[in-house]
Every structure is written in structure tokens, then in C-alpha cells.
Amino acid sequence: MAKLTKKQKETAAKVDGNKAYTLSEAAALVKEVTTVNFDASVDLAVRLNVDPRKANQMVRGVVTLPHGTGKDVKVLALVTPDKEAEAKEAGADFVGLDEYLAKIKGGWTDVDVIITMPAVMGKLGPLGRVLGPRGLMPNPKTGTVTMDIAKAVSDVKSGKIDFKVDKTGIIHAAVGKSSFTADKLEGNMSELLSTIVKLKPQAAKGVYIKSIFVSSTMSPGIQVDSKSFATN
């Protein structure tokens, strides 16, 4: 096991591993214990008391973070020619159809989100093996398959993210950058947690949120008091 540096030891000492912090305290502390020399991503990990293997306990949703993600999200709009101008005006980074389908077939996936139209989804089916594992396959449930291309692009650019519980029962999501103010981090985390609470499956029994941790790149995990988000 690698030894901790002096700075890492000092940082770790600021986090009480036995304490569950309020959301406000955690937002301020994660900034304090971030020591990397770049604008680190701040992530939230929420462990749920669900069994994701059962369809009636799957938790998946979308949320628009009020202060954005701090990330420049690259959007590909796979649309017919009559929708290209709409997509470009809304801020899509790449706009087109057949030429991009060919690029994806060749292995190109240098985008964060793909938005398309219902009529185009049939052409994307054969590319599922490329897009699926990377989480890039458009889905009507997340608003990435729609006729309102402009709104979909604008929403993603302004901080809309989709999330789902993984096979271990944890939701991982980026909620901002270490350069954000503590208030903005708190606001984003609160919005995500409130959305997760609203999505509690009826089949889920007992305490829904088991634990919440916030951390930034290479920082210690900070436990958040989950009681204020508890639901039975």
C-alpha cells in the first residue's frame, strides 16, 4: 500500500470518518480537502436499499442541476436535414446523420451525449454494441429521443444529466467542480437527492437511502447525513 504524502495526511485529518456532515458542511469541506492543481470534478455516491436486478426496483432518472455540471458537454445531434439548423442554433457540437453513423460504426465516440429523433432510432439499433457500453444510446426516458431537438440540446448544455443505480445499488453522479462555490455545490446535490427520493420504487422496503458520500478527484470521501433525505 502506497504511503500517504504529508499533504494527503493533512487533508485526510480534516475529515472525521465517524461524522455524518450536513449537506452544507459537506459542500464546504469537499472544497477544503481538494488539493489537486486542476479543477476537480465533485461526485456524489448514493447507496440505495434496492435490488437493481429486479425491474420493479430499478432507479433511473434525469435531473437538471441548477448550477450546471461545470463540464463542457459535447453533444451530437443525429437528425434529418430539416432539423439541422435547429440543432446548430441550440448549440449542438456535431450535427448530421449518415456521415456520423458511419463514423460511429468505425468506432468514433468522441461525444458525451447523443440526441436524435424517433424516426432515426431504427438506424441506431445496429450500433448498440458501440453506443450501449459507453452509455451513449439515446433513450426517450432521458429525453434524448425527441422531436424537440432544440430543447433537448439546450437542456443538456445547461446541466441536465441522467443517472441510474448500478448493480451494487449505488448511484454515482457528477454534481459540479471544485471551483464552484459551496452554495452551488449544495444546490446541485440537493436537487439530485430530492429527485432520487421522488423516484423511490414502491417495491423498495425499509430505509431507502442507506448512505451518501461526496468526494472530489483524489479527495477523501465525506459522509453526508442521509436522515434529512430518509423515506420509508
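This is a predicted model: local features need pLDDT of at least 70, side-chain atom pairs count only at pLDDT 80 or more; totals for chains, interfaces and linings use all residues.

Trainee: In what order do the four strands of the open sheet lie, and is the pairing parallel or antiparallel?

Mentor: The order is β7-β1-β8-β9, and the pairing in this open sheet is antiparallel. Because β7 (170-177) and β9 (222-224) each have a single partner strand, they stand at the edges, and one side of each is left without a neighbour in the sheet. On average, neighbouring strands are turned by 25° against each other, direction ignored.

Trainee: How many bridges join β1 to β8?

Mentor: Strand β1 (residues 41-48) and strand β8 (residues 209-216) run antiparallel and are joined by seven bridges; Leu48 stands opposite Ile209 in β8.

Trainee: Which strands does helix α2 lie across, and which does helix α8 lie across?

Mentor: Helix α2 (residues 23-32) lies across β1, β8 and β9, and runs at about 165° to β9, while helix α8 (residues 182-198) lies across β1, β7 and β8, running at about 155° to β7.

Trainee: Turning to one residue, is Thr144 buried or exposed?

Mentor: A residue counts as buried under 20% relative accessible area, and Thr144, with a relative accessible area of 9%, is therefore buried. Thr144 lies in the loop between α6 (128-131) and α7 (149-157).

Trainee: Which residues is Thr144 in contact with, leaving aside its neighbours within four places in sequence?

Mentor: Those residues are Val113, Ile114, Ile115, Thr116, Pro138 and Asn139. For Asn139, the backbone nitrogen lies 2.8 Å from a polar atom of the Thr144 side chain.

Definitions and conventions:
Residues are numbered from 1 along each chain as its sequence is written. Side-chain values use heavy atoms; hydrogens and water are left out. Two strands pair if DSSP finds at least two bridges between them. Helices (H or I, at least four residues) and strands (E, at least two) are DSSP runs, numbered from the N terminus. Axes are lines fitted to C-alpha atoms, for helices over the stretch in contact, and angles run from 0 to 180 degrees between N-to-C directions. Contact means heavy atoms within 4.5 Å. Buried means under 20% relative accessible area, exposed over 50%, partly exposed in between (1.4 Å probe, protein chains only). A polar contact is a pair of N or O atoms within 3.5 Å; within protein, one must be able to donate a hydrogen and the other to accept it, and residues adjacent in sequence count only if both atoms are side-chain atoms.
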